[in-house]
Amino acid sequence: MTESLIGRNLLAGNEPDPAGDAGHRDHPPRVGFFTDTSVCIGCKACEVACKEWNAIPEDGLELTGMSYDNTQGLGASTWRHVAFIEQRKPLGNAEAGVAHEDGVAQEAGVAREDGLAHEDGDATDLRWLMASDVCKHCTHAACLDVCPTGALFRTEFGTVVVQEDVCNGCGYCVPACPYGVIDQRKEDGRVWKCTMCYDRLGAGQEPACAKACPTQSIQFGPLDELRARADERVRQLHEIGVTDARLYGRDPDDGVGGDGAFFLLLDEPEVYGLPPDPVVTTRDLPSMWRHAGVAALTLLGGLAAVFAAHGRPEGKR
Amino acid sequence: MSESDVTKDGIRGERPDREALVGKGMPRRRKGRRGERAMVPEAKFTSYYGKPVLNPPTWEPLDIAGYFFLGGLAGAGSVLAAGAQLTGRRSTARALKISSLVAITGSAAALVHDLGRPERFANMLRVLKPTSPMSVGSWLLAAYGPAAGAAAVLDVTGFLPRLGRAATAGAAALGPAVAAYTAVLAADTAVPAWHGGYRELPFVFVGSAAAAASGMALITSPARENAPARSAAVLGVALETAAAKVMERRLGLVGETYRQGRAGRLMRAAEALSVLGAAGAALGGRRRTTAVLSGAALLAASACTRFGVFHAGTQSAEDPKYTVVPQRQRLEAAG
């Protein structure tokens, strides 16, 4: 089975070398993003840098009331999206610092040494989660698999890019994406998404969003290195009591074979608008073709049986 | 904080900032004693401001559901045409060949019309990708379309009868694939109501296709030739209805998208019309008027099924519940 599609994990499962499997020889190491949301400050510099560098048109000017998020989500003209989530939850052992009268110290029985001890009162837990979302550049990218024209392709860096001169706007990739990333620009007709700044990568530069990020929340680099760095960061956060910290999209054995752009999150993925257990739809495609084949034969056989049963009209047989 | 931490002796209570070690050195919080306590159990699922996780299909319902319907009508029609020809039902065969040609032309036109860049439709044949049902379908149409066209034109004109028979046979061989592959086209997406039903959807679609083509045969052919069409109508409706029921049950929570809203209305209409059409065809199909009315009901039922499936998919993609809850359940089941 090692030579078959499934055995080589070309449709699903752990696939160590997607660029090599796409036919690239002597290709550079697979690169990606590690977005550490625990240090995101919600400045949206990534959104702006992305728009500027890639010359993306305006994507609507709306005031949503969704915290500071007026961008709303990824789409054809939004390749980075900073999510803002306000929660009444503690962040590790940190003080929210929003209570007028902070009862934490007294209740914990600890006298604050810095003279900042407060009078009695209920602390208000508040944490403000911010996360910069982006195309995941999946190991098994459904958008790429279902693209009928070959406009979507795997680059030598292991990323997934749309060739705008080939795309005919069939829109198949849009519902295929399990993350709701790629979308059609209606006035243009074609689909668009993050290219991980393919042009910059080719020139040895890091993507615009990572370059612009002032807190290194968006880290760019070889995927292996990022994964190691992320594991270390989670360990560090767990040690200081931020037990909510978890990695999303890091596991090469997950439903999409691991993401090229993965995240450190502080809550469940769905809180950030991410699917909790995405699976590349083409994992089941061999089974779909089999079922369709049986259905087609059922139709052919059923109708043949009908004609066989009825024979020629009016007893001409 | 009412006073500044910056003093003449430097900064008081300085915390490491480079690594953003939030809360480092702070006392461990005691759990469960302070703050608000939830009085109601936590909601079944969370989402980001109710926004969909997926980007819903950008396809126009009229184009793509219409394409599903017409593709099925054409594909199953070619099989019926070949059967009619083999059993000496000349006028039925001719009528279905013509309807298949018209239907497949219409479906191809709908597909091109739905493209964001229609002038680039030929890019569909730029590559052949087994992982893309739309690529496979394009090649299938590229083979089936000319066969169906030749079958119709040669039948009507009477030219090259041997080639006409070969084209009829070719269209009949490819027709079931044309009718079935559109189910894979829909199922091979992240849309919960489509992907979750990938086992049954091809049977729903071929059943619906058989019903539509039988309906067309009942309308266009004389009563003395329509006995096979009447049986095929019953067969198609039975297959479609049964497969749809199984699919809805398998889908669990997501199955409700086939019962609610516009999709629910269309699916209920499809069921009622197809039962009506099949019963009419089976019981009164020898009478021309009943046959025509039954045929029309069957065609309408098939169209309702395709539009119903289409809208169920859109509804399931637009509500994050149908993406998040099944995935959560899967994670919990896996432990």
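Trainee: His137(A) sits in the loop between β3 (127–134) and α4 (142–146) of chain A. Is His137(A) buried or exposed?

Mentor: First, a note on the model: it is predicted, so local features need pLDDT of at least 70 and side-chain atom pairs pLDDT 80 or more, while totals for chains, interfaces and linings use all residues. Residues are numbered from 1 along each chain as its sequence is written, with chains lettered from A and ligands numbered from 1 in the order written. A residue is buried with 20 or more other C-beta atoms (placed from the backbone) within 10 Å of its own, exposed with 12 or fewer, and partly exposed in between. His137(A) has 31 other C-beta atoms within 10 Å, so the class is buried.

Trainee: What is the phi of His137(A) near?

Mentor: Most residues other than glycine have a negative phi. Here the value is positive in a residue other than glycine: phi of His137(A) is near 45 degrees.

Trainee: How many residues of α6(B) are buried?

Mentor: Helices are DSSP runs of H or I with at least four residues, and strands runs of E with at least two, numbered from the N terminus. α6 of chain B covers residues 201–220. This helix is largely enclosed by the rest of the structure, because the buried count is 20 of the 20 residues.

Trainee: Which residue of chain A does Leu80(B) touch?

Mentor: A contact means C-beta atoms, placed from the backbone, within 7 Å. Leaving out residues up to four places away in sequence, Leu80(B) touches Leu96(B), Ala213(B), Ala217(B), Ala229(B) and Ala232(B), along with Leu303(A).

Trainee: Which helix gives the largest share of the side of chain B that touches chain A?

Mentor: The contact takes 79 residues from chain A and 87 from chain B. Several helices of chain B supply at least two residues each, including α1 (61–86), α3 (133–157) and α10 (320–334). With eight residues, the largest share comes from α4(B).

Trainee: How far apart are the centres of domain 1 and domain 2 of chain A?

Mentor: The bounds come from an automatic or database domain assignment, which gives domain 1 (28–93 + 121–277) and domain 2 (283–308). Taken over C-alpha atoms, the separation of their centres is 41 Å.

Note on methods. Two residues are in contact if their C-beta atoms, placed from the backbone, lie within 7 Å. The expected span of a helix is 1.5 Å times one less than its number of residues.
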